[in-house]
Amino acid sequence: MQEDTLTSRGNMPYSLNVLIPLSCDLRPPVPQAIHAGRVDHRELGFVHPVSPGDVVAEVLVPAGERFSPEVAQHLIGEGCALGDASTEHTEGQGVPVVATRSGHLDWDERALAVRDTLVVDEDVTYHVGNIRYFGDLIVRGMVRVAFRVRARSLLVEGLIEGAFIECERLEARGGVKAGGSGRLRVRETVSAPFMENAIVHAGSHVVVSGSSLHNEIKSNASVQVAERLIGGMTAARDSITVGERLGGGMSTLTRVQAGYDPFLNTAVHRLEVQAQHVEEVMLSCAKLAGRGGRLGDKAKARGERYAAALKRLRRKLADLLARLDATSTLETCTIDVRGEVRPGVEICIGPARLMNQDFLKNVRFSYCDGAVVATHPAGRTA
(Lines give C-alpha, C1' and ligand atoms only; values in the text may rest on other atoms or scores of the structure.)
Protein backbone atom coordinates (compact mmCIF):
# COMPACT_ATOMS: atom_id res chain seq x y z
CA MET A 1 0.00 0.00 0.00
CA GLN A 2 1.26 3.45 -0.92
CA GLU A 3 2.10 5.92 1.87
CA ASP A 4 0.57 8.92 0.07
CA THR A 5 -2.00 10.75 2.20
CA LEU A 6 -3.75 14.06 1.70
CA THR A 7 -5.77 16.10 4.20
CA SER A 8 -8.90 17.91 3.03
CA ARG A 9 -9.21 21.70 3.08
CA GLY A 10 -12.67 21.61 4.69
CA ASN A 11 -13.61 21.82 8.33
CA MET A 12 -13.31 18.08 8.92
CA PRO A 13 -9.84 16.47 9.07
CA TYR A 14 -10.36 13.88 6.35
CA SER A 15 -7.31 12.17 4.87
CA LEU A 16 -6.84 10.24 1.63
CA ASN A 17 -5.12 6.88 1.56
CA VAL A 18 -3.87 6.09 -1.96
CA LEU A 19 -4.01 2.37 -2.74
CA ILE A 20 -2.32 2.37 -6.16
CA PRO A 21 1.19 3.80 -6.76
CA LEU A 22 1.33 7.21 -8.40
CA SER A 23 3.10 7.70 -11.73
CA CYS A 24 5.78 10.20 -10.84
CA ASP A 25 9.55 10.43 -10.75
CA LEU A 26 9.64 10.71 -6.96
CA ARG A 27 9.28 6.99 -6.37
CA PRO A 28 12.44 4.91 -5.93
CA PRO A 29 13.11 2.59 -8.90
CA VAL A 30 12.49 -1.04 -7.92
CA PRO A 31 13.62 -3.66 -10.48
CA GLN A 32 11.21 -6.50 -11.14
CA ALA A 33 12.24 -9.87 -9.77
CA ILE A 34 12.63 -12.60 -12.40
CA HIS A 35 13.74 -15.83 -10.73
CA ALA A 36 16.52 -17.23 -8.58
CA GLY A 37 17.23 -13.84 -7.09
CA ARG A 38 17.71 -12.17 -10.47
CA VAL A 39 16.04 -8.87 -11.38
CA ASP A 40 15.23 -7.01 -14.59
CA HIS A 41 16.64 -3.49 -14.34
CA ARG A 42 14.48 -2.34 -17.29
CA GLU A 43 11.22 -3.27 -15.57
CA LEU A 44 10.72 -0.66 -12.85
CA GLY A 45 6.94 -0.24 -12.82
CA PHE A 46 7.06 3.44 -13.75
CA VAL A 47 3.37 3.58 -14.54
CA HIS A 48 0.42 1.71 -12.99
CA PRO A 49 -2.58 2.09 -15.33
CA VAL A 50 -6.09 2.14 -13.90
CA SER A 51 -9.43 1.40 -15.54
CA PRO A 52 -12.94 2.76 -14.91
CA GLY A 53 -14.36 1.28 -11.71
CA ASP A 54 -10.98 0.54 -10.09
CA VAL A 55 -10.78 1.50 -6.41
CA VAL A 56 -7.73 3.77 -6.33
CA ALA A 57 -7.93 5.29 -2.84
CA GLU A 58 -10.08 5.64 0.26
CA VAL A 59 -11.17 8.66 2.29
CA LEU A 60 -10.42 8.07 5.96
CA VAL A 61 -12.96 9.56 8.37
CA PRO A 62 -12.20 10.07 12.06
CA ALA A 63 -14.08 7.78 14.45
CA GLY A 64 -17.50 9.03 15.40
CA GLU A 65 -17.59 11.71 12.68
CA ARG A 66 -20.41 11.93 10.14
CA PHE A 67 -19.14 11.66 6.57
CA SER A 68 -19.71 14.73 4.38
CA PRO A 69 -19.27 14.19 0.62
CA GLU A 70 -19.04 17.97 0.09
CA VAL A 71 -15.92 18.20 2.28
CA ALA A 72 -14.36 15.09 0.73
CA GLN A 73 -14.69 16.57 -2.77
CA HIS A 74 -11.67 18.76 -2.01
CA LEU A 75 -9.59 15.58 -2.17
CA ILE A 76 -11.01 14.32 -5.47
CA GLY A 77 -9.85 15.64 -8.84
CA GLU A 78 -10.82 14.88 -12.43
CA GLY A 79 -11.20 11.26 -13.39
CA CYS A 80 -12.11 10.21 -9.82
CA ALA A 81 -15.37 9.92 -7.93
CA LEU A 82 -16.56 8.81 -4.50
CA GLY A 83 -17.93 5.31 -4.29
CA ASP A 84 -20.78 4.10 -2.12
CA ALA A 85 -20.60 5.47 1.42
CA SER A 86 -22.79 5.28 4.51
CA THR A 87 -23.28 8.27 6.78
CA GLU A 88 -21.77 6.69 9.88
CA HIS A 89 -18.13 5.62 10.08
CA THR A 90 -15.97 4.08 12.74
CA GLU A 91 -12.22 4.12 13.07
CA GLY A 92 -10.49 2.07 10.34
CA GLN A 93 -13.28 2.41 7.80
CA GLY A 94 -12.89 4.40 4.59
CA VAL A 95 -15.02 5.69 1.74
CA PRO A 96 -13.77 4.23 -1.57
CA VAL A 97 -12.57 6.49 -4.38
CA VAL A 98 -12.99 4.96 -7.84
CA ALA A 99 -11.58 5.85 -11.25
CA THR A 100 -14.13 7.06 -13.80
CA ARG A 101 -11.82 6.73 -16.83
CA SER A 102 -8.69 4.94 -17.97
CA GLY A 103 -5.36 6.55 -17.19
CA HIS A 104 -2.85 6.86 -14.37
CA LEU A 105 -2.90 8.41 -10.90
CA ASP A 106 -1.36 11.80 -10.23
CA TRP A 107 -1.85 14.85 -8.02
CA ASP A 108 -3.93 17.68 -9.45
CA GLU A 109 -3.42 20.78 -7.28
CA ARG A 110 -3.41 18.77 -4.05
CA ALA A 111 -6.23 16.49 -5.20
CA LEU A 112 -6.04 12.96 -6.54
CA ALA A 113 -6.78 12.70 -10.28
CA VAL A 114 -6.71 10.19 -13.11
CA ARG A 115 -4.91 11.62 -16.11
CA ASP A 116 -5.25 10.30 -19.64
CA THR A 117 -1.87 11.60 -20.87
CA LEU A 118 1.33 10.45 -19.21
CA VAL A 119 4.31 12.84 -19.36
CA VAL A 120 7.86 11.59 -18.77
CA ASP A 121 10.13 14.58 -18.09
CA GLU A 122 13.39 12.72 -18.68
CA ASP A 123 15.07 10.10 -20.87
CA VAL A 124 13.66 6.60 -20.95
CA THR A 125 16.64 4.88 -19.40
CA TYR A 126 17.44 2.81 -16.30
CA HIS A 127 15.83 5.41 -14.04
CA VAL A 128 12.48 5.08 -15.80
CA GLY A 129 12.58 1.62 -17.38
CA ASN A 130 10.16 0.14 -19.90
CA ILE A 131 6.78 1.85 -20.22
CA ARG A 132 3.51 0.14 -21.13
CA TYR A 133 0.59 2.53 -21.15
CA PHE A 134 -2.76 2.39 -22.94
CA GLY A 135 -3.19 6.19 -23.11
CA ASP A 136 -1.25 8.98 -24.78
CA LEU A 137 2.42 9.29 -23.82
CA ILE A 138 4.83 12.24 -24.09
CA VAL A 139 8.56 11.71 -23.53
CA ARG A 140 10.45 14.97 -23.03
CA GLY A 141 13.84 13.29 -23.49
CA MET A 142 15.31 10.38 -25.44
CA VAL A 143 14.39 6.71 -25.65
CA ARG A 144 17.60 4.76 -25.18
CA VAL A 145 18.79 1.50 -26.73
CA ALA A 146 16.89 -1.72 -25.88
CA PHE A 147 14.10 -0.06 -23.87
CA ARG A 148 10.46 -0.81 -24.67
CA VAL A 149 7.70 1.78 -24.93
CA ARG A 150 4.09 0.93 -25.67
CA ALA A 151 1.33 3.56 -25.81
CA ARG A 152 -1.68 4.77 -27.80
CA SER A 153 -0.23 7.98 -29.24
CA LEU A 154 3.48 8.59 -28.62
CA LEU A 155 5.40 11.88 -28.85
CA VAL A 156 9.16 11.71 -28.28
CA GLU A 157 10.89 15.08 -28.17
CA GLY A 158 14.40 13.61 -28.04
CA LEU A 159 16.21 11.03 -30.13
CA ILE A 160 14.90 7.48 -30.46
CA GLU A 161 17.82 5.08 -30.41
CA GLY A 162 17.60 1.29 -30.88
CA ALA A 163 14.40 0.98 -28.87
CA PHE A 164 11.29 -1.20 -29.27
CA ILE A 165 8.31 1.08 -29.87
CA GLU A 166 4.71 -0.02 -30.28
CA CYS A 167 1.90 2.53 -30.63
CA GLU A 168 -0.92 3.76 -32.85
CA ARG A 169 0.71 7.06 -33.86
CA LEU A 170 4.34 8.13 -33.46
CA GLU A 171 5.83 11.62 -33.67
CA ALA A 172 9.59 11.42 -33.23
CA ARG A 173 10.57 15.08 -33.07
CA GLY A 174 14.21 14.31 -32.25
CA GLY A 175 14.61 11.81 -35.06
CA VAL A 176 15.45 8.10 -35.13
CA LYS A 177 19.02 6.78 -35.02
CA ALA A 178 18.68 3.10 -34.22
CA GLY A 179 22.07 1.62 -35.07
CA GLY A 180 20.40 -1.40 -36.65
CA SER A 181 18.66 -2.57 -33.46
CA GLY A 182 15.19 -2.21 -32.02
CA ARG A 183 11.99 -1.86 -34.01
CA LEU A 184 9.22 0.70 -34.48
CA ARG A 185 5.76 -0.85 -34.91
CA VAL A 186 3.12 1.80 -35.53
CA ARG A 187 -0.47 1.01 -36.49
CA GLU A 188 -1.05 4.36 -38.18
CA THR A 189 1.29 7.26 -39.05
CA VAL A 190 4.99 7.82 -38.30
CA SER A 191 6.65 11.23 -38.63
CA ALA A 192 10.28 12.17 -37.95
CA PRO A 193 12.86 14.74 -39.14
CA PHE A 194 15.28 11.92 -40.08
CA MET A 195 15.70 8.16 -39.79
CA GLU A 196 18.93 6.19 -39.78
CA ASN A 197 19.56 2.43 -39.53
CA ALA A 198 16.06 1.76 -38.23
CA ILE A 199 13.38 -0.89 -38.76
CA VAL A 200 10.03 0.86 -39.16
CA HIS A 201 6.72 -0.90 -39.78
CA ALA A 202 3.68 1.35 -40.22
CA GLY A 203 0.06 0.59 -41.01
CA SER A 204 -0.40 3.97 -42.68
CA HIS A 205 1.90 6.83 -43.75
CA VAL A 206 5.60 7.35 -43.01
CA VAL A 207 6.67 10.98 -43.31
CA VAL A 208 10.36 11.96 -43.07
CA SER A 209 10.96 15.70 -43.31
CA GLY A 210 14.71 15.16 -43.76
CA SER A 211 16.64 12.10 -44.95
CA SER A 212 16.16 8.34 -44.67
CA LEU A 213 19.49 6.47 -44.52
CA HIS A 214 19.90 2.69 -44.57
CA ASN A 215 16.51 1.86 -43.10
CA GLU A 216 14.03 -0.95 -43.49
CA ILE A 217 10.69 0.81 -43.90
CA LYS A 218 7.40 -0.94 -44.59
CA SER A 219 4.17 0.99 -44.95
CA ASN A 220 0.71 -0.17 -45.92
CA ALA A 221 0.02 3.25 -47.43
CA SER A 222 2.78 5.70 -48.45
CA VAL A 223 6.33 6.80 -47.65
CA GLN A 224 7.37 10.44 -48.10
CA VAL A 225 11.02 11.52 -47.80
CA ALA A 226 11.63 15.23 -48.31
CA GLU A 227 15.40 15.01 -48.86
CA ARG A 228 17.52 11.87 -49.48
CA LEU A 229 16.54 8.20 -49.44
CA ILE A 230 19.74 6.16 -49.46
CA GLY A 231 20.38 2.48 -48.74
CA GLY A 232 18.22 -0.19 -47.21
CA MET A 233 14.75 -1.22 -48.33
CA THR A 234 11.66 0.98 -48.49
CA ALA A 235 8.32 -0.62 -49.32
CA ALA A 236 4.87 0.97 -49.53
CA ARG A 237 1.66 -0.29 -51.05
CA ASP A 238 0.44 2.98 -52.62
CA SER A 239 3.32 5.40 -53.23
CA ILE A 240 6.88 6.45 -52.44
CA THR A 241 7.94 10.06 -52.93
CA VAL A 242 11.47 11.44 -52.63
CA GLY A 243 12.41 15.11 -52.82
CA GLU A 244 16.15 15.47 -53.42
CA ARG A 245 17.87 12.15 -54.14
CA LEU A 246 17.16 8.43 -54.38
CA GLY A 247 20.17 6.14 -54.00
CA GLY A 248 23.79 6.68 -53.06
CA GLY A 249 25.59 5.13 -56.00
CA MET A 250 26.61 1.66 -57.21
CA SER A 251 28.37 0.86 -53.93
CA THR A 252 25.17 1.40 -51.92
CA LEU A 253 22.25 -0.79 -52.87
CA THR A 254 18.95 1.01 -52.43
CA ARG A 255 15.72 -0.91 -52.94
CA VAL A 256 12.26 0.62 -53.24
CA GLN A 257 9.09 -1.39 -53.70
CA ALA A 258 5.45 -0.49 -54.29
CA GLY A 259 2.20 -2.08 -55.41
CA TYR A 260 1.87 -4.81 -52.79
CA ASP A 261 1.03 -4.86 -49.12
CA PRO A 262 4.62 -5.21 -47.82
CA PHE A 263 3.58 -7.27 -44.79
CA LEU A 264 1.62 -9.78 -46.87
CA ASN A 265 4.46 -9.85 -49.36
CA THR A 266 6.94 -10.71 -46.60
CA ALA A 267 4.64 -13.47 -45.32
CA VAL A 268 4.39 -14.91 -48.85
CA HIS A 269 8.17 -14.91 -49.22
CA ARG A 270 8.57 -16.60 -45.83
CA LEU A 271 6.14 -19.38 -46.75
CA GLU A 272 7.86 -19.86 -50.10
CA VAL A 273 11.19 -20.36 -48.33
CA GLN A 274 9.61 -22.85 -45.92
CA ALA A 275 7.97 -24.75 -48.76
CA GLN A 276 11.29 -24.96 -50.62
CA HIS A 277 13.02 -26.33 -47.52
CA VAL A 278 10.28 -28.98 -47.03
CA GLU A 279 10.59 -30.07 -50.67
CA GLU A 280 14.36 -30.48 -50.26
CA VAL A 281 13.84 -32.66 -47.17
CA MET A 282 11.26 -34.73 -49.05
CA LEU A 283 13.75 -35.38 -51.86
CA SER A 284 16.37 -36.50 -49.37
CA CYS A 285 13.84 -38.82 -47.69
CA ALA A 286 12.84 -40.27 -51.05
CA LYS A 287 16.48 -41.16 -51.84
CA LEU A 288 16.95 -42.85 -48.47
CA ALA A 289 13.63 -44.68 -48.77
CA GLY A 290 14.76 -46.22 -52.06
CA ARG A 291 17.57 -48.05 -50.26
CA GLY A 292 15.10 -50.10 -48.26
CA GLY A 293 15.75 -51.61 -44.89
CA ARG A 294 15.07 -50.07 -41.50
CA LEU A 295 16.63 -46.73 -42.44
CA GLY A 296 14.55 -46.63 -45.61
CA ASP A 297 11.33 -47.28 -43.71
CA LYS A 298 12.07 -44.41 -41.32
CA ALA A 299 12.89 -42.11 -44.24
CA LYS A 300 9.65 -43.07 -45.98
CA ALA A 301 7.58 -42.29 -42.85
CA ARG A 302 9.36 -39.00 -42.43
CA GLY A 303 8.81 -38.12 -46.06
CA GLU A 304 5.07 -38.73 -45.67
CA ARG A 305 4.93 -36.36 -42.71
CA TYR A 306 6.75 -33.69 -44.69
CA ALA A 307 4.42 -34.23 -47.66
CA ALA A 308 1.42 -33.52 -45.43
CA ALA A 309 3.19 -30.42 -44.09
CA LEU A 310 3.90 -29.28 -47.65
CA LYS A 311 0.20 -29.53 -48.55
CA ARG A 312 -0.70 -27.32 -45.58
CA LEU A 313 1.98 -24.80 -46.52
CA ARG A 314 0.74 -24.65 -50.12
CA ARG A 315 -2.83 -24.04 -48.98
CA LYS A 316 -1.67 -21.18 -46.77
CA LEU A 317 0.46 -19.84 -49.59
CA ALA A 318 -2.48 -19.91 -52.01
CA ASP A 319 -4.65 -18.01 -49.52
CA LEU A 320 -1.95 -15.38 -48.99
CA LEU A 321 -1.37 -14.96 -52.72
CA ALA A 322 -5.09 -14.42 -53.23
CA ARG A 323 -5.13 -11.75 -50.49
CA LEU A 324 -2.00 -10.16 -51.98
CA ASP A 325 -3.57 -9.89 -55.43
CA ALA A 326 -6.84 -8.58 -53.97
CA THR A 327 -5.08 -5.73 -52.14
CA SER A 328 -2.54 -4.85 -54.84
CA THR A 329 -2.38 -1.35 -56.32
CA LEU A 330 -0.28 -2.12 -59.40
CA GLU A 331 -2.22 0.12 -61.77
CA THR A 332 -2.25 3.16 -59.48
CA CYS A 333 0.90 3.01 -57.35
CA THR A 334 3.82 5.34 -58.13
CA ILE A 335 7.41 6.02 -57.13
CA ASP A 336 8.16 9.75 -57.65
CA VAL A 337 11.58 11.39 -57.41
CA ARG A 338 11.66 15.13 -58.02
CA GLY A 339 15.44 15.26 -57.64
CA GLU A 340 18.08 12.77 -58.78
CA VAL A 341 18.02 8.98 -59.08
CA ARG A 342 21.50 7.45 -58.78
CA PRO A 343 22.69 4.20 -60.38
CA GLY A 344 22.37 1.13 -58.17
CA VAL A 345 18.73 1.66 -57.23
CA GLU A 346 16.51 -1.42 -57.50
CA ILE A 347 12.92 -0.47 -58.28
CA CYS A 348 10.19 -3.07 -57.79
CA ILE A 349 6.51 -2.56 -58.54
CA GLY A 350 4.56 -5.72 -57.88
CA PRO A 351 6.29 -8.59 -59.70
CA ALA A 352 8.20 -6.24 -62.04
CA ARG A 353 11.79 -5.24 -61.31
CA LEU A 354 14.12 -2.59 -62.74
CA MET A 355 17.78 -2.10 -61.82
CA ASN A 356 18.62 1.50 -62.60
CA GLN A 357 22.04 1.92 -64.23
CA ASP A 358 21.90 5.60 -65.13
CA PHE A 359 21.55 9.08 -63.62
CA LEU A 360 17.95 10.21 -63.86
CA LYS A 361 16.19 13.35 -62.72
CA ASN A 362 12.60 14.34 -62.04
CA VAL A 363 11.16 10.93 -62.87
CA ARG A 364 8.11 8.85 -62.04
CA PHE A 365 8.21 5.06 -61.99
CA SER A 366 4.97 3.15 -62.55
CA TYR A 367 3.70 -0.25 -63.66
CA CYS A 368 2.65 -0.97 -67.24
CA ASP A 369 2.18 -4.32 -69.02
CA GLY A 370 4.23 -6.27 -66.48
CA ALA A 371 7.20 -3.88 -66.44
CA VAL A 372 8.47 -0.84 -64.54
CA VAL A 373 8.42 2.24 -66.78
CA ALA A 374 9.96 5.66 -66.18
CA THR A 375 8.26 8.88 -67.29
CA HIS A 376 8.99 12.58 -66.93
CA PRO A 377 8.26 14.70 -65.01
CA ALA A 378 7.70 13.23 -61.56
CA GLY A 379 4.46 13.80 -59.75
CA ARG A 380 4.14 16.08 -56.79
CA THR A 381 6.53 15.06 -54.00
CA ALA A 382 6.67 15.68 -50.27
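Biologist: Is Asp40 buried, partly exposed or exposed in this model?

Modeller: The model is predicted, and its accessibilities are computed from it. A residue counts as buried under 20% relative accessible area and as exposed over 50%, with partly exposed in between. Asp40 has a relative accessibility of 26%, so it is partly exposed. Asp40 belongs to strand S4, residues 39-40.

Biologist: How far apart are Asp40 and Gly129 in sequence and in space?

Modeller: Asp40 and Gly129 are separated by 89 residues in sequence, while their C-alpha atoms are 9.4 Å apart.

Biologist: How is a pair of aromatic rings described, and how many such pairs does the structure hold?

Modeller: Two quantities describe a pair of aromatic rings: the distance of the centres and the angle of the planes. The structure holds 2 aromatic pairs. In one of them, Tyr126 and Phe147, the ring centres are 5.0 Å apart and the planes stand at 75°. Planes over 60 degrees apart count as edge-to-face, so this pair is edge-to-face.

Biologist: Where in the chain do Tyr126 and Phe147 lie?

Modeller: Tyr126 is in the loop between strand S10 (117-120) and strand S11 (131-132), and Phe147 is in the loop between strand S12 (136-139) and strand S13 (148-150). The pair thus links distant parts of the chain, 21 residues apart. Tyr126 is partly exposed because its relative accessibility is 46%, whereas Phe147, at 1%, is buried.

Biologist: What geometry do Tyr133 and Phe134 have?

Modeller: The ring centres of Tyr133 and Phe134 are 5.6 Å apart and their planes are at 20°, so the pair is stacked. With a relative accessibility of 3%, Tyr133 is buried; Phe134, at 38%, is partly exposed.

Biologist: Which parts of the chain does the pair of Arg101 and Glu78 tie together?

Modeller: Arg101 sits in the loop between strand S7 (94-99) and strand S8 (104-107), and Glu78 in the loop between helix H1 (69-72) and strand S6 (80-82), so the pair ties together parts that are 23 residues apart in sequence. Arg101 has a relative accessible area of 30% and is partly exposed; Glu78, at 41%, is also partly exposed. Both residues belong to a network of salt bridges that links Glu78, Arg101, Asp106 and Arg115.

Biologist: Which residues form a positive surface patch?

Modeller: The patch is formed by Lys311, Arg312, Arg315 and Lys316. Of these, Arg312 lies in helix H3, residues 293-326, and is partly exposed, with a relative accessible area of 45%.

How values were computed
Residues numbered from 1 in each chain as written. Predicted model: local features only at pLDDT ≥ 70, side-chain atom pairs only at ≥ 80, totals over all residues. Heavy atoms only, no water. Patch = residues over 30% accessible without salt bridge, like charges linked within 9 Å, V, L, I, M, F, W, Y side chains within 5 Å. Areas by Shrake-Rupley, 256 points an atom, 1.4 Å probe, with all protein chains shown as cover. Salt bridge = Lys/Arg side-chain N within 4 Å of Asp/Glu carboxyl O. Lys, Arg positive; Asp, Glu negative; His and termini not counted. Charge placed at Lys NZ, Arg CZ, Asp CG, Glu CD. Helix = DSSP H or I, 4+ residues; strand = E, 2+ residues; numbered from the N terminus. Buried < 20%, exposed > 50% of the residue type's maximum accessible area, 1.4 Å probe, protein only. Phe/Tyr/Trp six-rings, centres within 6.5 Å; stacked < 30°, edge-to-face > 60°.
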